[in-house]
Amino acid sequence: ITSDGAGNVTVNAAAMKNTPAFLVYKTSNQDIAEATDTKVTWDAESIDTDNAFASDKFTVPSGKAGKYMFNGSIQTSSVGQSEYQYGFCMIWKNGSRLTSQMFDNRNNNLRQIPIVFNFMTDLAVNDYIEIYITLGTSGADQRIGGDASYIGTWFSGYKIIE
């Protein structure tokens with residue numbers, strides 16, 4: 001947006017795009033080893049404006065460095081009669097943990113818990129972002145879920161207009 005000082009404003013609509021942008025999700029379950037950082041795999045893609053999401057990670061394309069917003073939800077689902085005790089959903093940048101969202105369920109006896117996350121960060125060209133999960137239970141098998149009838153586990157991101 002520019003102004004000539006006389007009240008005339010010009011908007012460059014082509015420059016006002018929140019791209020690259022992507023949305024991926026799960027349509028099937030993924031088993032998670034107890035108390036182990038496990039990379040989330042994605043089996044469906046709804047949006048990928050710059051073909052920047054591949055191999056279960058988002059990589060910043062050439063010429064697209066800047067501030068990015070990431071969002072998502074991981075649907076947990078224990079198997080059997082035990083409940084989850086705790087869990088972490090982590091955003092990893094370039095192979096290392098950047099941030100995490102934790103839940104503690106030790107006194108609630110719940111078997112399905114969504115972990116919702118949001119995070120904004122600066123990224124350079126070729127930086128990459130992945131999602132990891134850690135779940136702990138009182139002995140039940142653990143998984144995160146997807147279903148063909150609804151989207152319960154998803155991950156999205158987009159570049160913020162600067």
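1. A residue is called buried when its relative accessible area is under 20%, exposed when that area is over 50%, and partly exposed in between, using a 1.4 Å probe and protein chains only. By this rule lysine 67, with a relative accessible area of 37%, is partly exposed.

2. The structure is a predicted model, in which local features need pLDDT of at least 70 and side-chain atom pairs count only at pLDDT 80 or more, while totals for chains, interfaces and linings use all residues. Residues are numbered from 1 along each chain as its sequence is written, and side-chain values use heavy atoms, with hydrogens and water left out.

3. Strand β9 deserves attention. Helices (H or I, at least four residues) and strands (E, at least two) are DSSP runs, numbered from the N terminus. Nine of the 10 residues of β9 are buried, so the strand is mostly covered. Asparagine 71 lies in β9, which spans residues 66-75, and is buried at 14% relative accessible area. Contact means heavy atoms within 4.5 Å. Leaving aside neighbours within four places in sequence, the contacts of asparagine 71 are Phe117, Asn118, Trp154, Phe155, Ser156 and Tyr158.

4. Two strands pair if DSSP finds at least two bridges between them. β9 pairs with β12 in the antiparallel sense over 10 bridges, and methionine 69 stands opposite methionine 120 in β12. β9 also pairs in the antiparallel sense with strand β15 (residues 154-159), over six bridges. Tryptophan 154 in β15 is the bridge partner of serine 73.

5. The largest one has 25 residues, of which Trp42, Phe58, Phe70, Ile74, Ile131, Ile133 and Phe155 touch the most other members. The elements in question are β3 (21-25), β9, β10 (84-93), β12 (114-123) and β13 (128-137). β13 gives the most, with four residues. Not counting residues up to four places away in sequence, isoleucine 133 touches several residues, including Ile74, Phe88, Ile115 and Ile144.

6. Side chains of opposite charge can pair when their charged atoms come close. A salt bridge is a side-chain nitrogen of Lys or Arg within 4 Å of a carboxyl oxygen of Asp or Glu, and the structure holds six salt bridges. One of them joins arginine 97 to aspartate 37, with the closest N and O atoms 3.7 Å apart. This pair links distant parts of the chain, 60 residues apart: arginine 97 is in strand β11 (residues 96-104) and aspartate 37 is in the loop between β4 (30-31) and β5 (38-39). Arginine 97 is partly exposed at 46% relative accessibility, and aspartate 37 is partly exposed at 35%.

7. Lysine 67 forms a salt bridge with aspartate 122, the closest N and O atoms being 3.4 Å apart. Because lysine 67 lies in β9 and aspartate 122 in β12, the pair ties together parts that are 55 residues apart in sequence. Aspartate 122 is partly exposed at 45% relative accessibility.

8. Lysine 93 and aspartate 127 also meet through their side chains in a salt bridge (3.9 Å, N to O). Lysine 93 lies in β10 and aspartate 127 in the loop between β12 and β13, so parts 34 residues apart in sequence are tied together. Lysine 93 is partly exposed at 24% relative accessibility, whereas aspartate 127 is buried at 12%.

Methods. A nonpolar core is a set of buried Ala, Val, Leu, Ile, Met, Phe, Trp, Tyr and Cys residues joined through side-chain atoms within 4.5 Å.
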